[in-house]
Each structure stands twice: as C-alpha cells, then as structure tokens.
Amino acid sequence: MKPDQPIAHCNTHQRGVTLIELLTVVAIVAVLVAIGAPSFQQSIARNRMAAHSNEFLSTLNFARSEAIKRGHSVTLCPSSNGSACSDSGWEIGWLAFADINGNSALDGSETVIRIWPALSPNFTLRPNANIASRIRYDSRGMARNTGHLLLCKSGQINGARAIVVVTARPRVSYSGDQTAPINDAGTSYTTCTP
C-alpha cells in the first residue's frame, strides 16, 4: 500500500457577477435609456413628418402627371371614404379623380383614379382658402388653384412643413432647425391654421 497522500485541492474560484455589479450596470443602462428616449421619439416624429409631407408632394406630382397623360383635368379632394369628396381637413385622407368636365366636382360619370389613407394620429394637414377642398390640374399639368397646406403634429408650428402648390411644380418648405417654416413672403408661419 501506498502511504496516504494528501488530496490535492483545486483552487477553483467561481467567477461571476456580484449583485452590486449587476445593479450598477442596470442603473447605468436606465440612465442611458432615460437620456436617449426623448431624442429617439423626436427623431421618429421628424421622420413621420417628412414621410407625410413627401407623400402629399408625390400626390400632387401624381395628379399633375395624370392630367398631362390623360389629356384632361385631374382633381384632388379630401375624402374619408374614398368614394366622395369632403369639406373636412386633408388629414382624413384624399383621392384623385378624372375631372373630365373640369368643374372640380366628382360627378357620377367620373372615375376615382387613386385613394390615399388618413394621416397618422395627431397630424393635421390644413390648407389656406384657395385650396381648402380641391386642387385641380389641367391637361397641361398646371394647377388651376394655388396655395399652401400646413402639416403639423399636435398643433405645433415648430417643426411643421408647408406644402406649397404653385402653378407648375409644387414644393415643400420647412426649417432645418425645427422652427416654423417660411412662407413665400420670407416670414415664418405663426400657426398651424393658414
């Protein structure tokens, strides 16, 4: 027999995270989320604003090109149901129709060309009086009524965008520093209701 040999003890230390270390990391993550969340929400709001203004601008360009292609007027109007024009704000949705007789009214024999859905909640798209309920492009692609619409979120003019409908090509006006957009006279809009 062999003499008793001492049993070798492995000095294995279990490595892990202590409760204090875990709580410290959780506290740091919570602070970073609290700092970053408002900025992230503002970024999402700005992106939605840009998406909605670009969508309406593309709507105007669509109506203009359809009028040229079809050889007769195409009219845009607010519509909540996609089958009839409304006199409500444009944020409820809108449609384009072939305005063959050029009277800016959707008559029984005229065809709805395309329908757009309502804007996201809390967004408004308010026009001035010239284009309150209709925007018509003639067969040459010229707008027969001009004006502007203000796209706002939660009634705030800062960060809003103005969609300007001119005779030839529409455009979007906005301020890069999230203040109120500037009108054609060089002054800032003061309210979301033109």
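I started with Lys 69: it is exposed, because its relative accessibility is 61% (exposed means over 50% relative accessible area, buried under 20%, partly exposed in between, with a 1.4 Å probe and protein chains only). I kept in mind that this is a predicted model, where local features need pLDDT of at least 70, side-chain atom pairs count only at pLDDT 80 or more, and totals for chains, interfaces and linings use all residues. Residues are numbered from 1 along each chain as its sequence is written, and side-chain values use heavy atoms, with hydrogens and water left out.

Next I looked up the partner. Lys 69 makes a salt bridge with Glu 66, with the closest N and O atoms 3.0 Å apart (a salt bridge is a side-chain nitrogen of Lys or Arg within 4 Å of a carboxyl oxygen of Asp or Glu). Glu 66 counts as buried, at 8% relative accessibility. Both residues sit in helix α1 (residues 19–70), 3 residues apart, about one turn of the helix (helices are DSSP runs of H or I, at least four residues, and strands are runs of E, at least two, numbered from the N terminus). I also found Arg 70 linked with Glu 66 and Lys 69 in a network of salt bridges.

Then I checked Arg 126, which meets Glu 91 in a salt bridge at 2.7 Å, N to O. This pair links distant parts of the chain, 35 residues apart: Arg 126 is in strand β4 (residues 123–127), and Glu 91 is in the loop between β1 (73–78) and β2 (94–99). Arg 126 is partly exposed at 31%, while Glu 91 is buried at 15%.

Last, I noted the total: 5 salt bridges.
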